[in-house]
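Subject: Handover of a structure

Dear colleague,

Please find the structure below, passed to you for your own work. My notes on what was found in it follow directly after.

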Amino acid sequence: MPVLSDRQRVELAIPAYLLYALTTAPGVFVPADPDQAARAEADIAALRADLQAALLEPFGDLTGKKQHALLRRVERIGKGVITGWGNRPALSVMLTLWYFVKDLTDREVLILWEGSAMERATSRLLPMFAHGFDEQKRDATAQEQARQLLACLQAEGLYG
């Protein structure tokens with residue numbers, strides 16, 4: 001396995017951090033059928049576990065001090081992005097993050113290895129908000145917001 005630079009490690013962790021933050025927001029994932037609440041909560045818990053594993057994975061081979069420093073950097077950058085979400089609807093944020101991750105995978109900045117925690121998480125997420133792709137106006141807006149998100153992160157020296 002190739003040795004990753006600090007920047008590359010942060011770049012790999014940011015998508016998982018942002019998706020994890022979204023899943024922890026109250027009311028974001030609500031089952032259509034209230035009778036399925038227990039199953040939905042179990043699905044979300046599994047999703048969060050995968051996202052947390054994907055967030056920590058790039059730092060697993062580092063010593064504690066270095067690992068904590070890079071995780072603080074991810075958190076600082078991630079919190080800056082999250083504050084920009086403002087009062088946007090959750091579906092809009094989800095679609096934006098989806099297009100952001102899609103761009104990274106299309107450019108092979110992020111590779112979703114089959115069976116990896118991030119691949120499992122994205123596989124669970126897609127059906128949860130697929131209906132958002134049906135609304136063309138929302139879809140186009142999300143694509144533009146994903147480009148803005150990338151530009152914001154590039155200003156931080158990432159994804160260049």
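Helices α1 and α2 each contribute at least two residues to the lining of the largest pocket, helices here being DSSP runs (H or I, at least four residues; strands are E runs of at least two) numbered from the N terminus. The largest share of that lining, 4 residues, comes from α1. The volume of this pocket is about 490 Å³. Of the 19 residues lining the largest pocket, those closest to its centre are Leu12, Glu57, Leu110, Ile111 and Trp113. A pocket is defined on a 1 Å grid over the protein atoms alone, as an open set of points where a 1.4 Å probe fits, with protein on both sides within 12 Å along at least five of seven lines; lining residues have an atom within 4 Å of a point. Grid points are joined across faces, edges and corners, and the volume is the space filled by probe spheres set on the points.

Please note that this is a predicted model, in which local features need pLDDT of at least 70 and side-chain atom pairs count only at pLDDT 80 or more, while totals for chains, interfaces and linings use all residues. Residues are numbered from 1 along each chain as its sequence is written, and side-chain values use heavy atoms, with hydrogens and water left out.

The protein chain has an average pLDDT (the predictor's confidence in each residue, from 0 to 100) of 88, and 92% of the residues score at least 70.

The largest nonpolar core holds 45 residues, of which Ile14, Leu18, Phe100 and Leu153 touch the most other members. Such a core is a set of buried Ala, Val, Leu, Ile, Met, Phe, Trp, Tyr and Cys residues joined through side-chain atoms within 4.5 Å; buried means under 20% relative accessible area, exposed over 50%, and partly exposed in between (1.4 Å probe, protein chains only). At least two residues of this core come from each of α1 (6–24), α2 (37–56), α3 (64–83), α4 (90–106), α5 (117–129) and α6 (136–155). Beyond its neighbours within four places in sequence, Phe100 has contacts (heavy atoms within 4.5 Å) with Pro15, Leu18, Ala146, Leu149, Leu150, Leu153 and Tyr159.

Thr96 is placed in helix α4 and is buried, at 3% relative accessibility. Residues up to four places away in sequence aside, Thr96 touches Arg88, Ala142, Gln145 and Ala146.

There are 12 salt bridges in the structure, each a side-chain nitrogen of Lys or Arg within 4 Å of a carboxyl oxygen of Asp or Glu. One of them joins the side chains of Lys66 and Asp6 at 2.5 Å, N to O. Lys66 belongs to helix α3 and Asp6 to helix α1, so this pair ties together parts that are 60 residues apart in sequence. Lys66 is partly exposed at 33%, and Asp6 is partly exposed at 28%.

Glu11 and Arg7 form a salt bridge with their closest N and O atoms 2.7 Å apart. Both lie in helix α1, 4 residues apart, which separates them by about one helical turn. Glu11 is buried, at 7%, whereas Arg7 is partly exposed, at 36%.

Yours sincerely
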